[in-house]
Amino acid sequence: MQLVETDKLRNGNREALTALRKRARTTKTSVPSPFESVMKEIGVSGSRPLVKEVCTTCGSHDSTERTWMMFPGTDVFARIPFHAAHSIIETDQEHLDFETKKLHSYVKDKTLLISEKGALADKISPAVLKSLVTLTGNNRK
């Protein structure tokens with residue numbers, strides 16, 4: 001039950017981040033790294049900072065532009081800067097990813113324990129159940 005709720009929140013955050021990236025017209029890989037930005041501007045004269053912070057979501061979008069956001073766990077809408085909105089959601093997403101992995105691990109351990117005790121032996125052999133629990137697949141990000 002908790003795993004399903006966490007996954008719903010995670011998917012909602014992912015959708016919100018995608019909407020914010022569309023609004024800023026960026027993708028995860030479209031914004032150049034700080035190194036690429038510095039190297040591109042090396043030939044330009046003037047006193048510019050050596051390292052330029054580049055937000056991977058904002059890109060060249062006006063990060064001070066305000067956007068509406070509903071805070072998690074409340075019914076409160078607030079108009080906050082674009083950069084703050086996606087930063088809050090990204091931080092929450094990292095936490096939810098961690099929680100989901102932890103819950104998956106817990107379910108896997110409990111399933112393995114049940115299979116070792118033979119509780120499901122009349123339906124599924126312990127060897128088959130153990131092999132299903134220990135399978136690893138490609139992790140999607």
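## Order of the elements

From the N terminus on, the elements of the protein chain run α-α-β-β-α-α, which gives 4 helices and 2 strands; helices (H or I, at least four residues) and strands (E, at least two) are DSSP runs, numbered from the N terminus. This is a predicted model, in which local features need pLDDT of at least 70 and side-chain atom pairs count only at pLDDT 80 or more, while totals for chains, interfaces and linings use all residues. Residues are numbered from 1 along each chain as its sequence is written, and side-chain values use heavy atoms, with hydrogens and water left out.

## Confidence

The mean pLDDT of the protein chain (the predictor's confidence in each residue, from 0 to 100) is 75, and 64% of the residues reach 70 or more. Confidence is lowest in helix α2 (residues 34-40), where the mean is 54, and highest in β2, where it is 90. Where pLDDT is low, the predicted coordinates should not be read in detail.

## Burial, surface and contacts

Of the 141 residues of the protein chain, 22% count as buried; buried means under 20% relative accessible area, exposed over 50%, and partly exposed in between (1.4 Å probe, protein chains only). The protein chain exposes about 10900 Å², of which carbon and sulfur atoms supply 58%; accessible areas come from the Shrake-Rupley method with a 1.4 Å probe, and for residues only the protein chains shown count as cover. Among contacts (heavy atoms within 4.5 Å) between residues at least 6 apart in sequence, 49% join residues at least 24 apart.

On the surface, W68, M70 and F77 form a nonpolar patch with about 380 Å² of accessible area together. Patches are made of residues with over 30% relative accessible area and no salt bridge, like charges being joined within 9 Å and nonpolar side chains (Val, Leu, Ile, Met, Phe, Trp, Tyr) within 5 Å. F77 lies in strand β2 (residues 77-81) and, at 53% relative accessibility, counts as exposed.

## The surroundings of T67

T67 has its place in strand β1 (residues 66-70) and is buried, with a relative accessible area of 7%. Leaving aside residues up to four places away in sequence, T67 touches R23, A78, R79, I80, P81, F82 and A85. The C-alpha atoms of T67 and A85 are separated by 7.4 Å, although these residues are 18 residues apart along the chain.

With R23, the side chain of T67 makes a side-chain polar contact at 2.5 Å. A polar contact is a pair of N or O atoms within 3.5 Å; within protein, one must be able to donate a hydrogen and the other to accept it, and residues adjacent in sequence count only if both atoms are side-chain atoms.

## Salt bridges

Side chains of opposite charge can pair when their charged atoms come close. A search of the whole structure finds 5 salt bridges, each defined as a side-chain nitrogen of Lys or Arg within 4 Å of a carboxyl oxygen of Asp or Glu. One of them joins E65 and R23, with the closest N and O atoms 2.4 Å apart. E65 lies in the loop between α2 and β1 and R23 in helix α1, so the pair ties together parts that are 42 residues apart in sequence. E65 is partly exposed, with a relative accessible area of 28%, and R23 is partly exposed as well, at 36%.

Within helix α1 (residues 2-24), R10 and D7 are 3 residues apart, about one turn of the helix, and their side chains meet in a salt bridge (3.0 Å, N to O). R10 is partly exposed at a relative accessible area of 25%, and D7 is partly exposed at 31%; D7, R10 and D97 are linked in a network of salt bridges. In helix α3 (residues 82-117), E99 and K102 are likewise 3 residues apart, about one turn of the helix, and form a salt bridge whose closest N and O atoms are 3.4 Å apart. Here E99 is buried, with a relative accessible area of 17%, whereas K102 is partly exposed, with a relative accessible area of 43%.
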